[in-house]
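These notebook entries record what I looked up in one structure. I kept them in the order in which I worked.

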Amino acid sequence: METTKKRDWGLVIAGILLVLCGVFFVFAPGLTLITMTAFAGAAFLVSGVFDIISYIRFRKVANMSGWALAYAILDIIVGLMFLLHPLALAAVIPWVIGLFFIIFGVFEIVGSFRIKKTGSGLWGWMLFSGIVGALCGVLFFVFPASFVIYMAVFVIMRGVSLAIYGGSTRAMA
């Protein structure tokens, strides 16, 4: 089988959109923080609803405990709190997202070493991107007031990464 150099335009376009979002974050930090709080609230709410549905449907088959239902209800409560009081809860968003970024960065760092073993030249960029992501997450904890700036850096980095990955894909012909 022959490999041909092709572009994954979906990744390239997603990368460009992320870079544009990062630039928006820099110019509208207040709106960005409130919007992220609302998105987090919606995500908790939707997660809780789907967890309750899963509990109802699969509790007997999967032998699910009542703790699964309690966790789902807690997700809904947290989601409603974020949605109903986004200004009050915007202060904790840097820590929630910071933890996610640290975890994501570590996974990307580990993944870069696995990709290096395959001979891919992208491992160095992936390592750099993972380090920047984890560092942004740590900075969210240390300087939560600068959250939107670090968020912009992270989103721009992810966008550039996606564009690079999309521009460097190889497809089987």
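**Entry 1**

I began with Val12, which is in contact with Leu162, Ala163, Gly166 and Gly167 when its neighbours within four places in sequence are left aside; contact means heavy atoms within 4.5 Å. The model is a predicted one, in which local features need pLDDT of at least 70, side-chain atom pairs count only at pLDDT 80 or more, and totals for chains, interfaces and linings use all residues. Residues are numbered from 1 along each chain as its sequence is written, and side-chain values use heavy atoms, with hydrogens and water left out.

I found Val12 in helix 1. Helices (H or I, at least four residues) and strands (E, at least two) are DSSP runs, numbered from the N terminus. Buried means under 20% relative accessible area, exposed over 50%, and partly exposed in between (1.4 Å probe, protein chains only). I also looked up the separation of Val12 and Gly137: they are 125 residues apart along the chain, and their C-alpha atoms are separated by 25 Å.

Next I checked the length of helix 1. Its 19 residues should span 27 Å at 1.5 Å a residue, and the end C-alpha atoms are 27 Å apart, which agrees. The expected span of a helix is 1.5 Å times one less than its number of residues.

I listed Val12, Gly15, Gly22 and Phe25 as the buried residues of helix 1. Viewed down the axis of helix 1, these buried residues fall within an arc of 135°, so they line one face. The arc is that of the directions from the helix axis to the C-beta atoms. An α-helix has 3.6 residues a turn, so residues three or four places apart point the same way. On the other side of helix 1, I noted that Trp9, Leu20 and Phe27 are exposed. The buried residues of helix 1 pack against helix 2 and helix 7.

**Entry 2: The whole protein**

The C-alpha atoms fill a box of roughly 55 × 45 × 25 Å, taken along the principal axes. Of the 173 residues, 32% are buried. Among the contacts with a separation of 6 or more, 76% come from residues 24 or more positions apart.

**Entry 3: Helix 3**

I repeated the length check on helix 3 (residues 66-84): its 19 residues should span 27 Å at 1.5 Å a residue, and its end C-alpha atoms are 27 Å apart, which agrees. In helix 3, I recorded Ala72, Asp75, Ile76, Gly79 and Phe82 as buried. They fall within an arc of 130° seen down the axis of helix 3, so they line one face of the helix. The face turned away from this buried side carries the exposed residues Trp67 and Leu84. The buried residues of helix 3 pack against helix 2 (29-58), helix 4 (86-89) and helix 5 (93-118).

**Entry 4: Helix 7**

Helix 7 has 21 residues and reaches 30 Å from its first C-alpha to its last, close to the 30 Å expected at 1.5 Å a residue. I noted that 15 of the 21 residues of helix 7 are buried, so this helix is largely enclosed by the rest of the structure.

I looked up two of its residues. Phe154 is found in helix 7 and, at 6% relative accessibility, counts as buried. Phe154 touches Phe101, Phe104, Gly133 and Cys136, not counting residues up to four places away in sequence. Arg158 also lies in helix 7, and it is buried, with a relative accessible area of 13%. With residues up to four places away again not counted, Arg158 touches Leu18, Phe104, Glu108 and Ser129.

**Entry 5: Thr32 in helix 2**

Thr32 is found in helix 2. I recorded Thr32 as buried, with a relative accessible area of 2%. Its contacts, leaving aside neighbours within four places in sequence, are Phe24, Phe25 and Val148.
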